[in-house]
Amino acid sequence: MTKKCFSVFEFNDSQYIMRLSSNGRYMEHTFPANKGPHREELFEAIDGALADIEKRLNEYLSNPKTGHVVDGIYIGDLGIVYTYYILGDPCWERLLKGLQRSLNPNDHRVTILESNMFASIMEGNEDQVCEYAQRAIQMDAKECEVLYGRAGCLLGLLFAKRRHPGWRLDDHIRTLARQIVLAGKASNRVHLMWEWHSKEYLGAIHGVAGILLTLCLCGREMLEEIEPGANELIKSTADFMLSRYSHSSGNVQSSTSTDADLLVHFCHGATGWIPLICTLDKMFPGLYVEHAKRLGEVVWRRGIIANKGPGICHGTSGSICALLEIFTQTGDDEWLHKAQWFSFYVSENWKRFNPLADRPNSLFEGMCGAFYALSLTHILTGDRTRFTNSTSLFPGFII
């Protein structure tokens with residue numbers, strides 16, 4: 001069947017055909033990988049989108065009648081504060097102060113994505129952060145994934161340690177990391193594996209890729225201290241997953257029990273494996289760069305998501321972060337060009353996709369995610385060294 005032409009995308013006196021894929025999940029495109037958009041027109045498009053999004057976010061935050069979800073950086077208003085913080089905008093302090101009265105003081109979630117841990121860290125409340133750690137340590141042994149489990153709390157502790165070096169967090173960090181490794185070994189396989197809701201997920205939010213990346217961020221020395229051979233075990237686990245659960249397309253299955261080659265998201269699929277693979281390439285120089293590029297090609301082909309909002313988790317903004325992650329790791333301008341094309345597309349089309357998001361103002365689902373990804377592209381286009389030493393470009397994994 002002939003695919004219906006969705007639109008003709010015009011830029012700099014050139015025309016690029018955009019077609020909706022046969023499964024309706026992404027836009028096929030004809031953007032060139034060997035050159036990026038004209039710089040002035042790219043900046044004009046991104047600047048216009050950023051100004052519009054920022055205006056809307058400010059209006060949303062100042063309007064008490066718009067159904068706010070305040071807690072957490074994943075879909076809550078804290079995600080807007082967090083975004084300004086990681087982009088280096090000092091307005092995060094004013095925004096956080098404005099949200100403090102609305103934060104739930106009885107929140108019992110434990111991860112930096114879902115709980116109010118980020119607010120506690122930024123307010124300098126060490127005791128409260130330690131309480132998050134204690135609750136995570138006492139969770140069921142199987143609760144290890146990033147969104148709701150131990151790995152998500154460990155990410156918060158690593159972030160807190162970076163911001164507050166004098167805090168007494170090392171014991172909590174070691175305990176959580178050790179629990180995660182032991183839970184992964186409990187599957188009695190030669191590699192690590194975890195379950196969530198009785199399913200073995202492989203992606204960054206609920207599965208193997210996110211948990212392994214979190215462990216890597218603890219540092220090689222600490223990992224060897226808590227579990228001798230842990231670094232090689234992480235490496236062998238990643239190697240096994242990529243060889244056993246990769247499709248011929250280069251994409252990675254969302255779980256061990258689902259072999260459909262459908263999802264190219266941060267939460268499920270190639271996009272969420274890229275930050276782990278780039279981190280492993282730092283730990284084992286030169287061994288993973290080709291893996292990263294292969295995953296990146298999947299994102300380049302299928303990363304303009306057509307059936308979700310524009311956010312980080314399952315939107316085109318997550319694809320932009322993945323392409324920029326490869327660029328910062330390899331220094332290869334091809335990946336910057338690819339991110340620029342996606343950024344130009346998001347700048348022109350985010351309004352059309354934003355109503356598809358369950359939380360249209362949020363970082364991981366909506367326009368705040370577009371604000372972050374477009375800002376990142378703008379920054380790296382102007383200063384390619386800005387995030388050279390960053391642990392990751394993906395929110396939540398920035399330590």
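## A first look at this predicted model

Asp107 has a relative accessibility of 10%, so it counts as buried. Welcome to a predicted model, in which the protein chain has an average pLDDT of 94. A score of at least 70 is reached by 96% of the residues.

**Confidence**
- Residues 1-6 are where to be careful, as pLDDT stays under 50 there.
- For that stretch the model has 14 contacts beyond four places in sequence.

**The nonpolar core**
- The largest nonpolar core has 143 residues, and the members that touch the most others are Trp273, Leu280 and Tyr372.
- Leaving aside residues up to four places away in sequence, Trp273 touches Leu202, Gly203, Val208, Ala209, Met241, Leu242, Val252 and Leu295.

- Asp281 sits in helix H11, which spans residues 270-283.
- This residue, Asp281, is buried but has no salt bridge, and the nearest side chain of opposite charge, Lys282, is 7.5 Å away.
- What does the side chain of Asp281 reach at 3.4 Å? It is the backbone nitrogen of Leu287.
- Beyond four places in sequence, Asp281 touches Gly286, Leu287, Tyr288, Val289 and Gln329.

**Salt bridges**
- The structure has 18 salt bridges.
- One of them joins Arg109 to Asp107, with the closest N and O atoms 2.9 Å apart. Arg109 is partly exposed because its relative accessible area is 31%.
- Arg189 and Glu200 meet in another, at 2.4 Å from N to O. This pair links distant parts of the chain, with both partners in the loop between helix H7 (170-185) and helix H8 (208-216), eleven residues apart. Glu200 is buried, with a relative accessible area of 13%, while Arg189 is partly exposed at 37%.
- Asp333 pairs with Arg384, the closest N and O atoms being 2.8 Å apart. Here the partners are 51 residues apart: Asp333 belongs to helix H14 (residues 333-353), and Arg384 to the segment after helix H15 (367-382). Relative accessibility is 32% for Asp333, which counts as partly exposed, and 40% for Arg384, also partly exposed.
- Through shared partners, salt bridges join Asp71, Asp107, Arg109 and Glu114 into one network.

- Arg94, in helix H3 (residues 91-99), counts as exposed because its relative accessibility is 55%. From Arg94 to Ala119, 25 residues apart in sequence, the C-alpha distance is 12 Å.
- Met18, in strand E2 (residues 14-20), counts as buried because its relative accessibility is 0%. Its C-alpha atom is 42 Å from that of Cys218, which is 200 residues apart from Met18 along the chain.

Conventions: Residues are numbered from 1 along each chain as its sequence is written. This is a predicted model: local features need pLDDT of at least 70, side-chain atom pairs count only at pLDDT 80 or more; totals for chains, interfaces and linings use all residues. Side-chain values use heavy atoms; hydrogens and water are left out. pLDDT is the predictor's confidence in each residue, from 0 to 100. Contact means heavy atoms within 4.5 Å. A nonpolar core is a set of buried Ala, Val, Leu, Ile, Met, Phe, Trp, Tyr and Cys residues joined through side-chain atoms within 4.5 Å. Buried means under 20% relative accessible area, exposed over 50%, partly exposed in between (1.4 Å probe, protein chains only). Helices (H or I, at least four residues) and strands (E, at least two) are DSSP runs, numbered from the N terminus. Lys and Arg count as positive and Asp and Glu as negative; His and the chain ends are not counted. A salt bridge is a side-chain nitrogen of Lys or Arg within 4 Å of a carboxyl oxygen of Asp or Glu. A polar contact is a pair of N or O atoms within 3.5 Å; within protein, one must be able to donate a hydrogen and the other to accept it, and residues adjacent in sequence count only if both atoms are side-chain atoms.
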